[in-house]
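Here's a quick briefing on a single chain, put together for someone who likes to know the cut-offs. Have a look at the model first, then we'll walk through it by topic.

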Amino acid sequence: MVETNALTVYYGRQRGIDGLDMQVRAGEVYGFLGPNGSGKTTTLRVLLDLVRPTGGRATVFGLDCRRQGVAIRRRTGYLPGELSLYPQLRAEQFLTMVNAVRGRPAARQDIGRLCERLGLDASRRMRTYSRGNKQKVGLVAAFMGQPELLLLDEPTSGLDPLVQQTVLELVREARSDGRTVLLSSHVLSEVQAVCDRVGIIRDGRLATVERVADLIQSRLHRLTLRLGRVPPEGAFQRDGAREVARHGPVVTLEVREGLDGVLTEALRHGVLELETHPVSLEEIFMEHYDTGRGRGDG
């Protein structure tokens, strides 16, 4: 559905993205993660031919983003991270205008249903809207007409928790319909909740791409052991494992590798109970970036 090969964008001497290779499969929700300045927004703009690459190539639906941008935009719903609206217009006027310029306009009842689900009063002028209501306008514009591809840049920004959940429901429904979603977000819990795969971008390049479930299960184990005897300090300290808490014979460990050695050591002190704890995508993300900084990657 989406593919980039050695995609590079420079703004003068400043890097946007650098040799980015990415593939998004049809029918999946792909989470695009990275801090500000890592290249997420630039990538989405290249896919819509809003930014021209310095080098490399990008395709959507098998179409070249530079030569066939109009055809791509007709089949794509886009929510920009920095949404600009016409303050003097009512939201319903704005949505009607956006709908009219699309190749396959949405039915009026489809737009009304989206407004109702998001709690948007579209009869008001947009200059009266809060940040959250402006975000709702952008979401309706992106989702209306059931586009084949959704490019969502920070889709829940400025929304209250209930509306955030509605947005996640809309994303799940799009996937159930066989449509594709490329979602850039800082809210890692929502990425974990809806995404099939996640790509972590650092310094304009993809550092890793994995299924969310595999990423969580394979990278880090957190264990709490209740032992028959209090182990000496440092008993579990080794490459790939560290002790993070201790209360007498109860020890909590983080283990990235060498789990068998940790358990062998635990047996020496008599294992009475062993409890595993889930690890969030946010913890893995921060671990990945901390590791990169430690190696001098910036």
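The chain has 10 helices and 14 strands, where helices (H or I, at least four residues) and strands (E, at least two) are DSSP runs numbered from the N terminus. This is a predicted model, so local features need pLDDT of at least 70 and side-chain atom pairs count only at pLDDT 80 or more, while totals for chains, interfaces and linings use all residues. Residues are numbered from 1 along each chain as its sequence is written, and side-chain values use heavy atoms, with hydrogens and water left out.

**Overall layout**
- Taken along the principal axes, the C-alpha atoms fill a box of roughly 75 × 40 × 30 Å.
- Of the 298 residues, 48% count as buried; buried means under 20% relative accessible area, exposed over 50%, and partly exposed in between, with a 1.4 Å probe and protein chains only.
- Looking at contacts (heavy atoms within 4.5 Å) between residues at least 6 apart in sequence, 66% join residues at least 24 apart.

**Nonpolar cores**
- A nonpolar core here is a set of buried Ala, Val, Leu, Ile, Met, Phe, Trp, Tyr and Cys residues joined through side-chain atoms within 4.5 Å.
- The largest one has 44 residues, and L95, V137 and F143 touch the most other members.
- Leaving out residues up to four places away in sequence, L95 touches I111, C115, V137, V140, A141 and M144.
- Apart from that core lies another, of 25 residues, with M22, L44, V51 and L151 among them.

**The cavity**
- Searching the whole structure turns up 1 cavity of 30 Å³ or more; a cavity is a set of points, on a 1 Å grid over the protein atoms alone, where a 1.4 Å probe fits but cannot get out.
- The largest cavity holds about 60 Å³ of space, with grid points joined across faces, edges and corners and the volume being the space filled by probe spheres set on the points.
- Its lining (residues with an atom within 4 Å of a point) is R74, R75, T76, R102, R104, M144, G145 and P147.
- By class, that lining has 2 nonpolar, 2 polar and 4 charged residues; Ala, Val, Leu, Ile, Met, Phe, Trp, Tyr, Cys and Pro count as nonpolar, Asp, Glu, Lys and Arg as charged, and the others, Gly among them, as polar.

**Helices α1 and α9**
- Helix α1 (residues 40-47) has 6 of its 8 residues buried, so it is largely enclosed by the rest of the structure.
- Those buried residues are K40, T42, T43, L44, V46 and L47.
- In α9 (residues 259-267), V262, E265 and A266 are buried.
- They cover an arc of only 100° around the axis, which puts them on the same side of α9; the arc is that of the directions from the helix axis to the C-beta atoms.
- D260 and L267 are exposed, on the face of α9 turned away from its buried side.
- The buried residues of α9 pack against β11 (221-227), β12 (241-247), β13 (250-255) and β14 (271-277).

**Single residues to check**
- D49 follows α1 and sits in the loop between α1 and β4 (55-60).
- Phi of D49 is near 60°, a positive value in a residue other than glycine, and D49 counts as buried at 18% relative accessibility.
- E154, in the loop between β7 (149-153) and α6 (161-176), has a positive phi near 55° and is buried at 16% relative accessible area.
- N133 lies in helix α5 (residues 131-143) and is buried, with a relative accessible area of 15%.

Definitions and conventions. On a 1 Å grid over the protein atoms alone, a cavity is a set of points where a 1.4 Å probe fits but cannot get out, and a pocket is an open set with protein on both sides within 12 Å along at least five of seven lines; lining residues have an atom within 4 Å of a point.
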